[in-house]
Structure formats: structure tokens, C-alpha cells
Amino acid sequence: MNLLKLFLYELQEITLLTARAFYRLRKKPRYWREAIKQMDTIGVGSLSIIFLTGFFTGAVLVLQSFQILAYYGAQSQVGRMVTFSLLRELGPVLTGLMVAGRIGSAITAELGSMVVSQQIDAMRALGTDPIKKLVAPRIIALLITLPLLTTAANIFGIIGGGITSKYIFNLDTSLFISSVRDGVTTKNLIVSLVKPLFFGLLIGSISCYKGLSTTGGTVGVGNSTTKSVVLTSVAIIITDFFLTRALQNILGIDF
Amino acid sequence: MSENNKIVPAIELKDVYLSYDDKKVLDGISFTVRKGETKIILGRSGGGKSTIIRLILGLIKPDAGRIFIDGEDITDYSEPELMRVRQKIGMVFQEGALFDSLSVYDNVAYKLHEQGLPEEIVEQEVRKMLRFVELEDAIDKMPNELSGGMRRRVGIARALIGHPQIILFDEPTAGLDPPTARTICELAIKLRDLENVSSVFVTHEMKNVEYLTSEYAVINEKGEVVFEKEGEKLCLINTEVLILREGKIIFSGTDEELKKTQDPYIKRFLHGR
Ligand SMILES: Nc1ncnc2c1ncn2[C@@H]1O[C@H](COP(=O)(O)OP(=O)(O)O)[C@@H](O)[C@H]1O
Ligand SMILES: [Mg+2]
């Protein structure tokens, strides 16, 4: 009962924080420069881990499924299979999880230490709204960069899959490429761009909320950072299920 | 300034109550700070001193009671309305609370940068404030390169920029060596006597109380600021002491009255035994 109450309370507070961040954008000052700085940290800064994650995910997908496909005589379809898995599922989710671990934790730790060292209070005392200055730019930066990073992960994954099928399974590259083309459908592209929008919002609002609600000194910062990453990751995976179902209904299920 | 304006207190708390969960922190606090007055708040740590300061700034809301700044009831103000009121108030935080990611210059300039003033004016003001706290050399340093006393003084410079008429000091000398603590008290005295600033000065060090209640700043013939002791010539009336205990004010008055008190708790508090 108590846990349920806590969950509902946090859900309400996270929603309120996010709503305020957007609502307060209608009035000046707006900190665009801060948002661009965040995009640089989040986007450019995450590119290397996204490259590695995407590349090896695509590679291992081929490693695992090539022989099964070959058993049914469908090895020429491996590119399509990799593209489907990446665009619809693995690209968005893995990018979301990696960014939650790398950026979500950093946001919570940064805001959390600003709270415990009274920098947030100082900011308010000096007449700046921390929701406008700190929360809104981070959420906006995540909303813009996460779809881009996901797309990058998808491309690296397809490259990884192509390299594996060529050098390990001796599949003709042009065959791989043409089956990838079959996999890049409008519906798949929509899915691979809509999911990261939701995940970006989750990462931004949960990590900012956890940071700003930090109490209990430096130990508290560690606690809320851990909680933030765990909560964001679980939220991404659960949201993914419902989002997938909703998108299937909206776009129509097919291959 | 009109006659009426002089009577309106800079800060007024009326019957303020505040609890955290089931812990009563403030249990009916009322006091006023007149224009140009310094109120020293004494009390054990955990006694609610910082809480009072946070209430005055509107960072937290009381459970009951009213808070006035310059006669304006801020108790129910929304965050945007409070932003306007906070422009009149400078705040010196317990540990300085400098922005780690900004240089000393950008920390002190913060308020003016937010107001979008041209850089020449900002730089001029920042240098003036850093000179006031005698830290102009540190202008390009980052906060982590500063000592505790320097951080505190940068915090004071940041609070003073824009010439607020009300300044709140939260234990500005805690953990500092005696000469640095003395310098900070001198800054507070200068603000009170030369700039007519109203302030709340939270501390638990009796030495600070002695400085603030017995010395005043004047400008001598050479144009220098000097500190003189009160005596037959002048008795300071613009500095009063409040003592807080268990959420209530148990003493309020001048230092002379404080020395005469027979209350055993206060005597122990003053002499440490
Ligand atoms: N955010 C908070 N949540 C719960 N208790 C708090 C909070 N802030 C302060 N307190 C409690 O209120 C009391 C007064 O704190 P404070 O005003 O900081 O004391 P002081 O500044 O006099 O040392 C302390 O007992 C402290 O534990
Ligand atoms: Mg305190």
C-alpha cells in the first residue's frame, strides 16, 4: 500500500515537473543556448557508445539467426531480418538504455549535487527558475538527440550485420543490401523515430526529477543516481511493450 | 523616500509556524527588521535558523503565518511573483553555494547576466564588488580553486551585486579563521552603516555578535572606512539580537539587555557552560 502510494506520488511529481518545463517555455527567458550545449553533451558525447552498441548488436543478430534462416533456405533475407529487429525494437530500446545509463545518471548526479550544495536555492535566490534553466533544456535536448542517436544505432547495426554475413557466412553483399532495402519500410521508420521520442521524455523527466528531489547530502546523490537509472531503464522497457502494441494498432500489424 | 516608507519594515514575520513531517521547527515566530537594521539570530544548530532565512526568500512556504517584504505580503506568491521580490534581496549561503561550473567572474555576474545587461557594465560592477570583498585577483579562478573563506566572500560579492536593500547572511563565518571571520563582520557593518542595508545575520558565534553590536563604520577625513567602538558618544540601536529555542523566540533585544539577562539557558548559551 505504502509502495503504491509512493509510486503514484512520484508519477504525479514527475508529470507535474515535465508539464511545468513545457508550460513555462511560453514566457521568456528561454535558455536555447543551454539546450544546444546539452545536445552536444548528449548527442555528440554518446556517439561512440552508440556506435559500439549498434554495431555489435547487428553483428550478433546475424550470428544468432543466419543458420536458422539458412535451414529454411531464407539466408538471403538476413538483411531484412536485422533491419526489422533494429528499427522496430533493438535500436530504440538499446539506445534508450545506453543513454539512460550514461546521460540520465549524469543529469541526476549533477542536479542532485546542486541541490545538496544549495546551488539550486542560490539560483532561485538570484531570480532564475531552475525548471526553465536546467530541466527544460535537458528534456528538449533529449527529445531531439535520442531519435538521431537511434537512427545512428540502426545504421551501425545494419553495417555490423552486413560485415558479419559477408565475412563469417560469405553472403553476397549486394544480396544483403537489397534485403535491407525491403526492411526499411515507412512503418518501420515511423516506429524507430516515435519510440525514442517517448524514451527521451522518460529519461529527461525521471532523471531531472530524481536529481531535484535529492536529500541527504552526498550519500543522497549516490542513492538518487542509482534509483534514477534503474527507474528509467525499467520504465523504458515497460513503456516499450505498450508503445509497441499501440503502434501496431495505429499503423496496422504486418511484415 | 516618503516618511511613510521609513515606518514600513524591511522584513516582517507574523506568527509563523512550520513543521517537517511531525517535527515542529518553527512554533509561532514573529519579528520585524526595520530599514537599515541588522537582526542577529542566535540558536543551536538544527534550531530553524536557516529555515527562517529560506522562508524570507520564499524558497519554502510556512504552514501558517504571514511574511512581509517591504510591506508586501509574499506568503501566497507564486514562483514568478517571488522572482520579482527576490531581486530586492541578497542571500549569502552557509557554504557559499557557488555555481561549480562557473568562474568567480560568472558567479558574481550571474544576476546581471540573467538580466541581460551589456558586458561592459557587468564587468565594471563585478570588479567593484570583488574589490569590496578584496578578491579582485581571483576573478578568473574556478570555485574549486578557492579556500573556504574566499568562497564565502565570493558568495557575498554575488549577493551584493545589483545593490539589494536586504541581505540575508546564513552563518557566513562558520568554519573560518578569526581574521577572516572578522573581515566578514566588517563587511556586514559597512553595509549597515554606510549603505543603509537591512539584514538578517544568522550565527552561533558570540564573537560575531560582539563585533556587530559594538562597532560601527564611519568614513574619516581621508575618505577611508574606519571602525569605531560604541561608547558614551554613541550607542548602537540599529542592531538587535534574537535567540531561538525549540522553535520559539526566547529573547529579543539589544546586546546590553542580553548581557543583563538572568535566564539560565541564555547565560549558558552565551558563556558555553
Ligand atoms: N527539507 C527538510 N526536510 C526535513 N527536515 C528538515 C528539512 N530542512 C530542515 N529540516 C529540519 O529542520 C530543522 C531546522 O533546520 P535548519 O533551519 O537548517 O537549522 P539551523 O540552520 O538552525 O541549523 C532541523 O532539525 C532539520 O533537520
Ligand atoms: Mg543552518
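Residues are numbered from 1 along each chain as its sequence is written, while chains are lettered from A and ligands numbered from 1 in the order in which they are written. Because the model is predicted, local features need pLDDT of at least 70 and side-chain atom pairs count only at pLDDT 80 or more, whereas totals for chains, interfaces and linings use all residues, and side-chain values use heavy atoms, with hydrogens and water left out.

Strand E1 of chain B (residues 11–20) and E4(B) (residues 64–69) run antiparallel and are joined by 5 bridges; two strands pair if DSSP finds at least two bridges between them, and strands (E, at least two residues) and helices (H or I, at least four) are DSSP runs numbered from the N terminus. E1(B) also pairs with E2(B) in the antiparallel sense, over 8 bridges, and here B:Leu18 stands opposite B:Leu26. In the hairpin of these two strands, which has 2 residues between them, B:Asp21 takes a positive phi near 50 degrees.

E2(B) (23–33) leads on to ligand 1, since this strand and helix H2 (49–56) of chain B each supply at least two residues of the shell around the ligand, a residue being near if one of its heavy atoms lies within 4 Å. H2(B) gives the most, with 3 residues. Polar contacts are pairs of N or O atoms within 3.5 Å; within protein, one must be able to donate a hydrogen and the other to accept it, and residues adjacent in sequence count only if both atoms are side-chain atoms. A polar side-chain atom of B:Lys23 lies 2.9 Å from an oxygen atom of ligand 1, a backbone N or O atom of B:Gly46 lies 2.6 Å from an oxygen atom of the ligand, and for a side-chain N or O atom of B:Thr51 the distance to a ligand oxygen is 2.5 Å.
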